[in-house]
Amino acid sequence: MSNTSKLSRFIEFGRKIVAVGRNYSEHAAELGNAVPTKPILFLKPTSSYITAGNPIKIPKGCSSLHHEVELGIVIGQRGVDIQENNAMDYVGGYILALDMTARDFQDEAKKKGQPWSLAKGFDTSCPVSGFIEKEKILDPGNVRLWLKVNDAVKQDGNTKDMIFNVPFLISYISGFFTLEPGDIILTGTPSGVSPVVAGDVIRAGLADVTEIEFKVEKK
Ligand SMILES: O=C([O-])CC(=O)C(=O)O
Ligand SMILES: [Mg+2]
């Protein structure tokens, strides 16, 4: 099997999801957070993935479930301490993803200095598009990302506004976590995050490369 068709099955690999927080200054500001001086990282479990046709389920006790549209990098080869100047060699392809966030859980965790695992890692918290071949995105540092809830535009950003760019993130993350084929890096969300409720339909797109659609349901 070719590397590309193997990578397109990243969900079946069961590889890790490393997510970057507050990578767009307007998004940091809209939630009252400082702009970070180094990447803020958290992990989402592989059980959080869902693909087209499956609903996002609001976790028990959550009263403020937010959407966050993000460019996902699919890692193509194993790497440790990757240098920024050859980081792009480790990109196998891309995905469009939603980093669904139980904002009320996260606010409580932030106040108490607790981890974000529940807020970010519940079942269905990582809806994804199909695998996007690397060649389809010429410059991951300049690609439009948008998201609508029931046809109202909520997020419309561009990856050129990332604080830490894709090569830097790959290099930085691989200094702490060995990157393996099929791993996903979620690169952070632009501004415009907002709550969704049961019955809402979320649509999102990455330039003219892909679109996704997910329905929100009560668990
Ligand atoms: O919860 C947050 O705002 C942090 C995050 O994931 C992002 O910026 O994409
Ligand atoms: Mg996020």
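Begin by selecting Gly21, Arg22, His27, Glu68 and Lys120, which lie nearest the centre of the largest cavity, a space lined by 16 residues. The model is a predicted one, in which local features need pLDDT of at least 70 and side-chain atom pairs count only at pLDDT 80 or more, while totals for chains, interfaces and linings use all residues. Residues are numbered from 1 along each chain as its sequence is written, chains are lettered from A and ligands numbered from 1 in the order in which they are written, and side-chain values use heavy atoms, with hydrogens and water left out.

A cavity here is a set of points, on a 1 Å grid over the protein atoms alone, where a 1.4 Å probe fits but cannot get out, and its lining residues have an atom within 4 Å of a point. Grid points are joined across faces, edges and corners, and the volume is the space filled by probe spheres set on the points. By this rule there is one cavity of 30 Å³ or more, and the largest cavity holds about 110 Å³ of space.

Colour the lining by class, counting Ala, Val, Leu, Ile, Met, Phe, Trp, Tyr, Cys and Pro as nonpolar, Asp, Glu, Lys and Arg as charged, and the others, Gly among them, as polar: the lining of the largest cavity then shows four nonpolar, five polar and seven charged residues. Strand E1 (17–21) and helix H4 (103–112) each supply at least two residues of this lining, and the largest share, three residues, comes from H4. Helices (H or I, at least four residues) and strands (E, at least two) are DSSP runs, numbered from the N terminus.

**Ligand 1**

An oxygen atom of ligand 1 is 2.7 Å from a polar backbone atom of Arg22, a polar side-chain atom of Glu68 lies 2.9 Å from an oxygen atom of the ligand, and an N or O atom in the side chain of Gln106 is 2.9 Å from an oxygen atom of ligand 1. Taken alone, ligand 1 exposes 270 Å², of which the protein buries 100%, with accessible areas from the Shrake-Rupley method and a 1.4 Å probe.

**The sheets**

Return to E1 and show the open sheet of six strands in the order E2-E1-E13-E6-E7-E10, whose pairing is mixed; two strands pair if DSSP finds at least two bridges between them. Its edge strands are E2 (40–44) and E10 (132–133), each of which pairs on one side only. Within this sheet, E1 and E13 (184–186) pair in the parallel sense over three bridges, and Ile17 has Ile184 in E13 as its bridge partner.

Then move to the open sheet of three strands in the order E8-E5-E14, where the pairing is antiparallel. Strands E8 (101–102) and E14 (195–196) stand at the edges with a single partner strand each, so one side of each is left without a neighbour in the sheet. Between E5 (65–66) and E8 there are two bridges in the antiparallel sense, with His66 opposite Thr101 in E8.

Select E16 (210–218) next, which runs parallel to E4 (56–58) and is joined to it by three bridges; Ile58 stands opposite Lys218. On E16, also show the antiparallel pairing with E15 (201–206), made over six bridges, in which Leu206 stands opposite Thr210.

**Backbone stops**

Most residues other than glycine have a negative phi. In the hairpin of E15 and E16, which has three residues between the strands, Ala207 takes a positive phi near 40 degrees. Asp81, with phi near 50 degrees, is found in the loop between E6 (69–75) and E7 (91–98). Finish at Asp151, whose phi is positive at about 75 degrees, in the loop between E11 (144–149) and E12 (152–158).

Technical notes
1 Å grid on protein atoms, 1.4 Å probe; cavity = no way out; pocket = protein on both sides within 12 Å on 5 of 7 lines; lining within 4 Å. Polar contact = N/O pair within 3.5 Å; in protein donor to acceptor, adjacent residues only side chain to side chain.
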